[in-house]
Each structure stands twice: as C-alpha cells, then as structure tokens.
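This briefing looks at one helix and its surroundings, and then at a pocket and one of the residues beside it.

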Amino acid sequence: MASAKCRNRASCDLAMQDEWIEIPEDGRCPECGTTLQTQANNSSAIDDARKRRKNLLMAGGGLGALSLTGALLWALNSPPKPGSEPLPPATTITEPAPAEPVASTPAEPTSTEPTLETQQHIKQGMMFVALAKGSPKTRGENLQNALVEFNLAIKQEDDAGRCFATGYMNRGITYWQDNKMNLAEKDLIKATECDEENAVAFYNLATYYATIKKLDLALEPLDKALELGFSDCDVLRKDPDLANLRNKGDFRHILEKHKLFCLK
C-alpha cells in the first residue's frame, strides 16, 4: 500500500511528528482528514507549478510575474484547509492596454501690458524729467533720478520676459537730454525693436538723428512712423528737433507719399 506524510502541520499531530502514513481508501489523513499526496503526486504537482511559472514569465515578464508564480508555488505546496475549495487553474497574464496620452492645456500667453509697478516707475521718472526742465539748478540730479526710475521699469518688464519699448524710449530721451548721445541712440533703437508697430518710437528716433545732423539716417524712421499712422501736421511743421530735416526736399517727399500736405 502507498504511504505519504500529512502536511497539515497547523493542526495534525501526525504531520508534526513527520511520520509516514499508509494511505487509506478515502485518501485522507486518519488524524485530521487532510487529503494525502504520495511522493509521486507531490513531484508531479511541483513539475506542473514549474511549467506554469515558465508560462507566466513568458506572458507577463519581469518581477510582477515572478512574484505571482512564487505565490502560486506556495499555494500548491501548502496543505489545503479542511473544506477549502481547490485552487483554480492559473490564468494567462496579459499586458494592460497603453493609456491614452493626456492632452496638455496650452499655457496662457504672457500679458503684453506693463505691471502697475512698472507704470508707477514710468510716472515717477516722467515727473523727474519735468522737474529737470523747470529747475536748471537741480537738472542733473533730477535726470539721474529719472534714469533710476526708468531702469527699474525696464528691469521689471525684462524679468517678466517683456521687451518694454516705452521704458527704453523714455530712458533714451533722458540720456539725450543729459548729453549721453551714444546711450540715447542705443535705447531709441532698442525701443523700435521692442515694438515694431510703435509709431512714436520711430518718430523719436528720427528726431534724434535730425538733431545730431545724421539726416540720411533720420529719413527711414520718419517714413516708418508715418506709415504706422503718425500724422500730426502741427508737430511735423513746428518740432524744433526736425528743423535740420525740414529743409531737405526728401522731408516733403516723404510727407506727401503718406498724403500729408503739412508744408506750404
């Protein structure tokens, strides 16, 4: 008669004593009623578990399948509890379907309007410029104070990723009034680069070149200013900064090109 060992070590004295038991007709342990397995059956169960482990690794791959098959081997080698149902056959693990990509929300465009703090710096700078015009004794001090305010305005906008045409234009004019001509020219050009649709920026650059008698350089920004809509005939006739340019025939030609018949 075949013999086996009971593996129900939790509640069976025969299992705890590791004794060989002759398997009765019902195939159960006479002590605890647990189904007994011969050595051959046990080896067959282990072989089956190894085959399932291989299939799981091929299907699922990686550590996840390995941990699942480890649990399966433990379950196959552990004695079933009295009255428990047999383990269901192992199922094939399939890869989950790839998740649909989540559409990202476009970032809101950065506002082109200057901040309130920037506007305050511009107003303060303009106040110092006005004080410089009205008080010759403190002209230099007030111009320096204006430059400080315009510098802060430009930095504020630069930090926000904006090229601030108004700040460069006002600082350029202040440098001009302070006879720092190279710095003035640099800022006035920068203003036209920051905002290529700003007619006033191009007009100020034209008047700067006219004042320092670089008349040929003054014509192009003047033409651009008129193209963008600058059309104040009173300013074009009387602005003293345009005096040198007003005597050139090209000045009248540019005005008439834009349907401005300001000169008599």
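A residue is called buried when its relative accessible area is under 20%. The model is predicted, and in it helix α8 is mostly covered, with 11 of its 13 residues buried.

**Helix α8**
- Helix α8 comprises residues 199-211, and the 19 Å from its first C-alpha to its last is close to the 18 Å expected at 1.5 Å a residue.

**Ends of α8**
- At the N-terminal end, Asn-198 caps α8 through a side-chain oxygen that lies 3.1 Å from the backbone nitrogen of Val-200.
- After α8 comes Lys-213, whose phi is positive, near 65°.

**Second largest pocket**
- The second largest pocket holds about 160 Å³ of space, and of the 11 residues that line it, Thr-112, Arg-162, Cys-163, Phe-164 and Ala-165 are the closest to its centre.
- The lining of this pocket is made up of 5 nonpolar, 3 polar and 3 charged residues.

**Arg-162**
- Arg-162 belongs to the loop between α5 (139-159) and α6, and its side chain makes a polar contact of 2.5 Å with that of Glu-157.
- Arg-162 counts as buried because its relative accessibility is 13%, which falls under the 20% cut-off.

Notes
Residues numbered from 1 in each chain as written. Predicted model: local features only at pLDDT ≥ 70, side-chain atom pairs only at ≥ 80, totals over all residues. Heavy atoms only, no water. 1 Å grid on protein atoms, 1.4 Å probe; cavity = no way out; pocket = protein on both sides within 12 Å on 5 of 7 lines; lining within 4 Å. Points joined across faces, edges and corners; volume = space filled by probe spheres on them. Nonpolar A, V, L, I, M, F, W, Y, C, P; charged D, E, K, R; others polar. Helix = DSSP H or I, 4+ residues; strand = E, 2+ residues; numbered from the N terminus. Expected span 1.5 Å × (residues − 1). Buried < 20%, exposed > 50% of the residue type's maximum accessible area, 1.4 Å probe, protein only. Polar contact = N/O pair within 3.5 Å; in protein donor to acceptor, adjacent residues only side chain to side chain.
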